[in-house]
Structure formats: structure tokens, C-alpha cells
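Open the structure, try each task, and then follow the worked solution.

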Amino acid sequence: MKKIKIKICGQTNPAIIEHCFNMGVDQQGLIFYEKSPRNLDLGTLNLINQYFENFKDRFVGVFVNPSLDEI
């Protein structure tokens, strides 16, 4: 039987991200869409990059009709 993978989307709080990783969440989604209330600001993104550098392969970016430059 295949292992079920869990992804939580719309993360904006580094403390909650850490808690989710500690609980075994496989992937975490970061929203990059200005109209979303969960849109990630640059300061928080930099903080996430700093604290979770070893987990970069476990983040997923969520975009809406982006250009290649935006991604």
C-alpha cells in the first residue's frame, strides 16, 4: 500500500511551518498571488528561506497565471 502524502497550503507563519514538519507533513505550499489573503510577503519568504534551508525541496509554490520572471 502506498504511503499517503500530506501537503498543507497557504503557510505564512514560520512557527506553524516548523510544527507541521515536526508532525511529519510532507510538503508545504506557499502562496504567491497578491489577491490571496495568504499571499506570502518578501520578508516572511526570506525568513522561511533562512530557517528552513535544509527543507527547500519540501516547499511548493502556488501561482496564478505568472510570467517566468515572477516565478
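Before you start: this is a predicted model, in which local features need pLDDT of at least 70, side-chain atom pairs count only at pLDDT 80 or more, and totals for chains, interfaces and linings use all residues. Residues are numbered from 1 along each chain as its sequence is written, and side-chain values use heavy atoms, leaving out hydrogens and water.

**Exercise 1.** Determine whether Phe 21 and Phe 55 are buried, partly exposed or exposed.

Solution. Begin with the cut-offs: buried means under 20% relative accessible area, exposed means over 50%, and partly exposed is in between (1.4 Å probe, protein chains only). Phe 21 has a relative accessible area of 9%, so this residue is buried. Phe 55 comes out at 29%, so this one is partly exposed.

**Exercise 2.** Classify the ring pair that Phe 52 and Phe 55 form.

Solution. Rings of Phe, Tyr and Trp (its six-membered ring) pair if their centres lie within 6.5 Å; planes under 30 degrees apart are stacked, over 60 edge-to-face, and the rest tilted. For Phe 52 and Phe 55, the centres are 6.4 Å apart and the planes 65 degrees apart, which makes the pair edge-to-face. Now step back: ring pairs join Phe 21, Phe 52, Phe 55 and Phe 59 into a cluster.

**Exercise 3.** Describe the surroundings of Phe 52.

Solution. First, check accessibility: at 7%, Phe 52 is buried. Next, list its contacts (heavy atoms within 4.5 Å). Leaving aside residues up to four places away in sequence, Phe 52 touches Pro 14, Ile 17, Glu 18, Phe 21 and Phe 59.

**Exercise 4.** Work out how strands β2 and β3 are arranged.

Solution. Strands (E, at least two residues) and helices (H or I, at least four) are DSSP runs numbered from the N terminus, and two strands pair if DSSP finds at least two bridges between them. Four bridges join β2 (residues 27-31) to β3, and the two run parallel. Gln 28 stands opposite Phe 59 in β3.
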